[in-house]
Amino acid sequence: MPTPHWDPQQYLRFAEERTRPLHELLARVPELPFQPVVLDLGCGPGNSTAVVREHWPQATITGVDNSAEMLQTARTTGEPTAQYVLADAAAYDPAPARPDLIVSNALIQWLPGHLKLLPRWARALRPGGVLAFQAPGNFDAPSHTLLRELISGPRWSARLDLDPKRAGVHDPAEYLEVLLAEGCAADVWETTYYTVLTGPDPVLDWTKGTALRPVLSKLTDPGDQAAFLAEYGALLREAYPAGPHGTVFPFRRLFAVAARHA
């Protein structure tokens with residue numbers, strides 16, 4: 001499947017909501033050296049890299065992402081003091097950097113077979129180093145099930161030619177088992193955020209920054225894009241009706257922190 005075209009500004013429309021889980025993830029990271037070496041895998045527009053900088057001001061940080069558009073934003077307004085590498089996180093070898101921390105914010109769900117990547121990332125850490133990641137776990141929520149049904153339906157399946165099951169995560173216990181098998185001290189948990197979104201079609205706007213990117217990358221004709229968004233938006237309005245205070249959007253997140261034994 002071709003790499004989706006990412007829109008940094010659309011993604012950052014909900015920057016605070018997207019970044020909150022990262023703050024909570026990094027709060028559980030054990031003590032690191034004063035000047036740690038940090039890799040931010042799937043750094044996107046640098047909002048995650050900026051959070052890493054807040055936690056470790058003296059760190060040497062390298063952000064890795066496969067989107068040139070995202071990295072351009074990261075270098076200018078995201079976290080300009082970090083270094084950045086244009087690369088696919090699934091193929092990138094973190095071992096030469098000898099990192100004290102590998103952090104991944106909402107990346108692994110895009111990487112098929114990512115359970116096999118985690119041991120390689122853990123082994124790349126220095127003794128005492130930490131692997132910390134969080135990812136959405138809401139792939140059974142209406143926002144995703146309706147999208148999969150629409151992609152697979154007769155109107156759009158041939159035009160899109162997308163794998164509706166491409167993105168996803170595993171049960172938390174599977175991550176725990178993989179990390180423990182690597183000899184790490186591991187902590188895995190999940191949280192569901194009940195976010196109140198405002199404005200017309202707020203859930204549609206949310207998905208435009210993430211889950212809809214492969215679809216919008218395929219539908220290059222403006223008329224096709226508008227037709228798909230209208231159909232998907234109507235389904236979302238029914239699944240997530242607006243209330244007196246806005247639209248409540250439940251969002252499950254999966255977290256893991258694994259420390260390599262010194």
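Tutor: Let us begin with the protein as a whole, keeping in mind that this is a predicted model. Buried residues make up 53% of the 262 residues in the protein, and the secondary structure comes to eleven helices and seven strands.

Student: What makes the protein as compact as a globular protein of that length?

Tutor: The globule rule gives 18 Å for 262 residues, and the radius of gyration of the protein is 19 Å, which is close to that value, so the protein is as compact as a globular protein of that length. Along the principal axes, the C-alpha atoms fill a box of roughly 55 × 40 × 35 Å.

Student: What share of the contacts with a separation of 6 or more comes from residues 24 or more positions apart?

Tutor: Such residues account for 78% of those contacts.

Student: Why is L236 called buried?

Tutor: Buried means under 20% relative accessible area; the value for L236 is 2%, and therefore L236 is buried. L236 is found in helix α11, which covers residues 222-239, and, leaving aside residues up to four places away in sequence, it touches S143, L146, V203, L204 and T207.

Student: Is T49 buried or exposed, and how do you know?

Tutor: The relative accessible area of T49 is 0%, which is under the 20% cut-off, so T49 is buried. T49 is found in helix α3, residues 47-55, and its contacts, not counting residues up to four places away in sequence, are with D40, C43, I61, E79, A82 and Y84.

Student: What makes the approach between the side chains of T49 and D40 a polar contact?

Tutor: A polar contact needs a pair of N or O atoms within 3.5 Å, one able to donate a hydrogen and the other to accept it; the side chains of T49 and D40 make such a contact at 2.8 Å.

Student: Why does A27 count as exposed?

Tutor: Exposed means over 50% relative accessible area, and A27 has 58% relative accessibility, so A27 counts as exposed. A27 lies in the loop between α2 (15-26) and β1 (37-41), and its C-alpha is 8.6 Å from that of H55, a residue 28 positions apart from A27 in sequence.

Notes: Residues are numbered from 1 along each chain as its sequence is written. This is a predicted model: local features need pLDDT of at least 70, side-chain atom pairs count only at pLDDT 80 or more; totals for chains, interfaces and linings use all residues. Side-chain values use heavy atoms; hydrogens and water are left out. Helices (H or I, at least four residues) and strands (E, at least two) are DSSP runs, numbered from the N terminus. The radius of gyration is taken over C-alpha atoms; the globule rule is 2.2 Å times the number of residues to the power 0.38. Buried means under 20% relative accessible area, exposed over 50%, partly exposed in between (1.4 Å probe, protein chains only). Contact means heavy atoms within 4.5 Å.
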